[in-house]
Amino acid sequence: MSALKDLLGELVTDVDALVSFSPSGSYYERARDATDGGDVDLIVVGAENTVGADAFVELPLEFAEVTERVRFGIEGALDNEYLSDGDDVACATAVFDDDVDTVSRVRVDAERHSGVYDLFVNSRADPAVIRDVLDVVIELGQKGQKGKPVGALFVVGDAGKVMNKSRPLSYNPFEKSHVHVGDPIVNVMLKEFSRLDGAFVISDSGKIVSAYRYLEGSAEGVDIPKGLGTRHMAAASITRDSSAIAVVLSESDGLVRAFKGGELVLELDPEAY
Ligand SMILES: Nc1ncnc2c1ncn2[C@@H]1O[C@H](COP(=O)(O)OP(=O)(O)OP(=O)(O)O)[C@@H](O)[C@H]1O
Ligand SMILES: [Mn+2]
């Protein structure tokens, strides 16, 4: 038994921090006792700081994939200066159930920064709006339009500039309406209109500004993974030409992708949610 403890214990030897994901109250207390007075920092990542941790990173969405969840937590901890480049951290997560069952050892590398934390926290749009858009898009990816796969493109934030760099493909059904993403009725409308060509434009505060927009951002120098088509290129381009972010559901591979500053920063499989 002690040989096994040694073997697996190597995972947490000499770490600089323990990053605890959505801990229960009792787990947090044990983690605090275990790190108290030592040189291991304790950082909590979760939807809410229910345990009252000093070092806390808010998780805007329960990333189904542990790698994404861990990446978000680490990039958030870096941004808040709870961690620094080169730190070794142990991340304790619950993957199969509600209790911690998985520990990953990760070296913090500030260079290999995916931008997923920035996407939510350092965008013009409200993080809650970005989360609401991702929720609608994930749901659309799971169910499709009347069972058929559908593609969609949402541009979020900096709407004035986005409107200037795009043009209408048809009459805007949201003209003069004051509706917001996140409202269940509006989400039904968005899913209904996703059959239409072009992009949705959403303001910083979540107001639906327009559907049916043809984006005209410049693709020059925009580098996105090979195989992605014009919808993804248009999404990436507009985020380089403005402070908006873009969320795309691909009709062909069913994945949800987010772009910021002309780059792909997040890729999710809706079926995992
Ligand atoms: N500049 C643009 N602005 C807004 N929408 C666009 C633009 N270019 C293409 N689209 C939309 O993307 C749709 C799909 O185009 P295309 O197949 O080339 O993209 P894609 O990136 O391969 O997306 P998918 O993975 O969904 O097939 C078009 O029917 C159109 O509605
Ligand atoms: Mn395509």
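Visitor: Are Phe 72 and Phe 120 buried or exposed?
Guide: Both Phe 72 and Phe 120 are buried. The label goes to residues under 20% relative accessible area. Bear in mind that this is a predicted model.

Visitor: How many aromatic pairs are there, and what makes two rings a pair?
Guide: Ring centres have to lie within 6.5 Å of each other. By that rule there are five aromatic pairs.

Visitor: Why is the pair Phe 72 and Phe 120 called edge-to-face?
Guide: Check the distance, then the angle. The ring centres sit 5.9 Å apart, and the limit is 6.5 Å, so the two count as a pair. Their planes meet at 75 degrees; anything over 60 is edge-to-face, so that's the name it gets.

Visitor: What makes you say this pair ties parts of the chain together?
Guide: Phe 72 belongs to helix α3 (residues 66–79) and Phe 120 to helix α4 (residues 116–121), so the contact bridges parts 48 residues apart in sequence. Ring pairs also join Phe 63, Phe 72, Tyr 117 and Phe 120 into a cluster.

Visitor: And why is the pair Phe 154 and Phe 200 called stacked?
Guide: Here the centres are 4.6 Å apart and the planes are at 20 degrees. Stacked means under 30 degrees, so this pair qualifies. The pair links distant parts of the chain: Phe 154 is in strand β6 (residues 152–156), while Phe 200 is in strand β8 (residues 199–202), 46 residues away.

Visitor: How do you know whether Phe 154 and Phe 200 are buried or exposed?
Guide: Phe 154 has 1% relative accessibility and Phe 200 has 4%. Both values fall under the 20% cut-off, so both residues count as buried.

Visitor: Why does Asp 88 count as buried?
Guide: Asp 88 has a relative accessible area of 13%, which is under 20%, so the word applies. Asp 88 is located in strand β4 (residues 88–93).

Visitor: What makes the link between Asp 88 and Arg 107 a polar contact?
Guide: The limit for N or O atoms is 3.5 Å. The side chains of Asp 88 and Arg 107 are joined at 2.9 Å, within that limit.

Visitor: Why is Ser 166 called buried?
Guide: Same test: 7% relative accessible area for Ser 166, under the 20% line, so it's buried. Ser 166 sits in strand β7 (residues 166–168).

Visitor: What makes up the shell around ligand 1?
Guide: By class, four nonpolar, six polar and four charged residues. Of the 14 residues around the ligand, Asp 197, Thr 230, His 232, Ser 250 and Glu 251 come nearest. Helix α8 (230–240) and strand β9 (208–215) each supply at least two shell residues, and α8 has the largest share, with four.

Visitor: Where does the "DAC" label come from?
Guide: From an unreviewed UniProt entry, whose domain annotation "DAC" covers residues 113–270. That stretch is 32% helix and 23% strand.

Definitions and conventions: Residues numbered from 1 in each chain as written. Chains lettered and ligands numbered in written order. Predicted model: local features only at pLDDT ≥ 70, side-chain atom pairs only at ≥ 80, totals over all residues. Heavy atoms only, no water. Near = heavy atom within 4 Å. Nonpolar A, V, L, I, M, F, W, Y, C, P; charged D, E, K, R; others polar. UniProt positions renumbered as here; feature names shortened; annotations may be inferred. Phe/Tyr/Trp six-rings, centres within 6.5 Å; stacked < 30°, edge-to-face > 60°. Buried < 20%, exposed > 50% of the residue type's maximum accessible area, 1.4 Å probe, protein only. Polar contact = N/O pair within 3.5 Å; in protein donor to acceptor, adjacent residues only side chain to side chain.
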